[in-house]
Amino acid sequence: MFSKAILLAAAIAYVEARFGQEQVPIQAISQVTSGGGPGVAATIAGGAISTLLAAANPCAKLQTADSIIDQLGTGADAVAAAIGLVAAEQNFNPFVTDKPTFCNDASLPKTEALRGITPLVDPAVTGADKANALSATSQKTPFDATGLSVAQVLAAQGFTNFDTKGLDGAAGPTGEELAGGAAPVNNGAADSSSAADAGATASSSAAAETTSAAAGDAAQCPTPVTVTVTGTASASASASASATATAAAGDATQNNADSGAATGDASTGGATASTIAGLDFGKCSPAIKFEGGLGGRPATEFTFQAIDPLVSKGQQEALNPAIIVNRVCDQLTNVCEANQAAKDACLAAKAKVDPAQKNAQTAVDFNTALGFADAFDPATTQAAADTAAANANPNVQKSTIAGLDFGNCVPTMKFVGGLGGRPATEFTFQAIDPLVATGQQEALNPAIIVNRICDQLSELLLCLYVASGHSRF
């Protein structure tokens, strides 16, 4: 009995010690000062603790890491904290299971700077030395994660002793199964094509020959077929068939040419010339936009994004303009083949971007600095914003204080129980106006909601003055 007690105490001490190790990134999150409103970093840090529990979905940790960037910006301390959370070891009890569980959702994390980073694992896991070495390497030089989940990245690097879960919590393939290779994505299409070919062959040999010729190498001409005919009528039919075949071949050739041209256009992005002499942006346009409804967001929720698909590929829209302009400047080197003058100009324009200025003018100023002043029309965006806001909030109340115009919003908040599915006895703060509250969960910390209201208003500086306690709405 005494020995069992000793073993139990040792087990508890071990698990507690490891959980203390796993919480290392929490303090870094709470100490971020480069961005975010009062109390935001502490709130995120408090919520992040639950993502490190053994029972937590491993994808939740990646979502929280994205939230760090979304809400605290891309300052060095925020990025370092987010990377630390992605790489953090999730709580693990070796007396219960012998394998860690990793996220197998290829869309997470969505932040480009966090992709390709792999997590630490408990030293008791078989192969932990390799996994932890990979994690250390990835935090300095992330692995290629194009189209891959964190679990797939680890499997690709040779560590397979783990289980997986999706964002919905459903169990996925094991690490060994991922390393074994999944069926190619286009297998289904290939099978359908084969079935179609088989059907064509069964229906008629002539159709089969036609299908075979069409599927052949485009660089090769179909083998000529000599048909011996008797009589004028048959000769006419043969001539007609020959003409039809020739026309079809011509159409196919033209279609192939058109397809090639389209592919070429897509591969070179939306490149146009800068109006500033000496700036060559290669295959890309570096312009950005500020629009509502991007990435499936509500039409009333406006975010930044690069206009050129070649630049924006793999990068989701963001409310923080610094995230998008940083992506633009990175892509000039990665894929655009821009000259050094263009890269330098981008960095100079990026340095002038204020993350707090979440409006169309920020996009206009950045584009103009690079010689693309006409790439984005703020008037069109503002008109769309006004229409969307009016539809979403037709009964806007006006402030009783002269001179304060809050546009299409009502900058008030409430303290109510039962918000967001919480128990009726649990009270939290939230903006009253749905247009302001969209995309923001209720919070126990009023500073988070006040900060949200100020972000959503065009009267930003005045709102901050009021929120500081000099007056009240």
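Trainee: Let's start with the overview. How many helices and strands does the protein chain have?
Mentor: Since this is a predicted model, we're reading everything off computed coordinates. Buried residues make up 35% of the 473 residues in the chain. As for the secondary structure, the count is 19 helices and 6 strands.

Trainee: What share of the contacts between residues at least 6 apart in sequence joins residues at least 24 apart?
Mentor: A contact here means heavy atoms within 4.5 Å. Take the contacts in the protein chain between residues at least 6 apart in sequence, and the share joining residues at least 24 apart is 55%.

Trainee: Which residues of H4 meet H3?
Mentor: On the H3 side you'll find Val 40, Ala 41, Ile 44 and Ala 48. By class, the contact of H3 with H4 has 6 nonpolar, 3 polar and no charged residues. The H4 partners are Thr 64, Ser 67, Ile 68, Gln 71 and Leu 72.

Trainee: And how are H4 and H5 oriented, roughly parallel or antiparallel?
Mentor: Their axes come within 8 Å and cross at roughly 175°. Over 145 degrees is the cut-off that matters, so H4 and H5 are roughly antiparallel.

Trainee: How many nonpolar, polar and charged residues does the contact of H4 with H5 have?
Mentor: H4 brings Lys 61, Leu 62, Thr 64, Ala 65, Ile 68, Ile 69 and Leu 72. H5 brings Ala 78, Val 79, Ala 81, Ala 82, Leu 85, Val 86 and Ala 87. Sorted by class, that gives 12 nonpolar, 1 polar and 1 charged.

Trainee: Which residues of H5 are buried?
Mentor: Helix H5 runs over residues 76-87, and its 12 residues reach 16 Å from the first C-alpha to the last, close to the 16 Å expected. Buried means under 20% relative accessible area. The H5 residues that pass are Ala 78, Ala 81, Ala 82, Ile 83, Leu 85, Val 86 and Ala 87.

Trainee: On to the rings. How many aromatic pairs are there in the whole structure?
Mentor: A pair of aromatic rings is described by the distance of the centres and the angle of the planes. There is also a cluster formed by Phe 102, Phe 159 and Phe 162. Searching the whole structure for aromatic pairs gives 7.

Trainee: What kind of pair do Phe 281 and Phe 372 make?
Mentor: Phe 281 lies in the loop between helix H11 and strand E3, and Phe 372 in the loop between helix H15 and helix H16, so the pair ties together parts that are 91 residues apart in sequence. Phe 281 is buried at 3% relative accessible area, and Phe 372 is buried at 5%. The ring centres are 5.5 Å apart and the planes are at 75°, so the pair is edge-to-face.

Trainee: What about Phe 290 and Phe 304, what kind of pair is that?
Mentor: Phe 290 lies in strand E3 and Phe 304 in strand E4, so this pair ties together parts that are 14 residues apart in sequence. Phe 290 is buried at 9% relative accessible area, and Phe 304 is buried at 0%. With centres 4.5 Å apart and planes at 40°, the pair is tilted.

Trainee: Is Gly 439 buried or exposed?
Mentor: Gly 439 is found in the loop between helix H17 and helix H18. Leaving aside its neighbours within four places in sequence, Gly 439 is in contact with Glu 301 and Arg 452. Its relative accessible area is 71%, so Gly 439 is exposed.

Trainee: Last one: is the peptide bond from Leu 108 to Pro 109 cis or trans?
Mentor: Pro 109 is found in the loop between strand E1 and helix H6. Omega for the bond from Leu 108 to Pro 109 is near -10°, and the bond is cis.

Notes: Residues are numbered from 1 along each chain as its sequence is written. This is a predicted model: local features need pLDDT of at least 70, side-chain atom pairs count only at pLDDT 80 or more; totals for chains, interfaces and linings use all residues. Side-chain values use heavy atoms; hydrogens and water are left out. Helices (H or I, at least four residues) and strands (E, at least two) are DSSP runs, numbered from the N terminus. Ala, Val, Leu, Ile, Met, Phe, Trp, Tyr, Cys and Pro count as nonpolar, Asp, Glu, Lys and Arg as charged, and the others, Gly among them, as polar. Rings of Phe, Tyr and Trp (its six-membered ring) pair if their centres lie within 6.5 Å; planes under 30 degrees apart count as stacked, over 60 as edge-to-face and the rest as tilted. Buried means under 20% relative accessible area, exposed over 50%, partly exposed in between (1.4 Å probe, protein chains only). The expected span of a helix is 1.5 Å times one less than its number of residues. Axes are lines fitted to C-alpha atoms, for helices over the stretch in contact, and angles run from 0 to 180 degrees between N-to-C directions. Angles under 35 degrees count as roughly parallel, over 145 as roughly antiparallel, 65 to 115 as roughly perpendicular and the rest as oblique.
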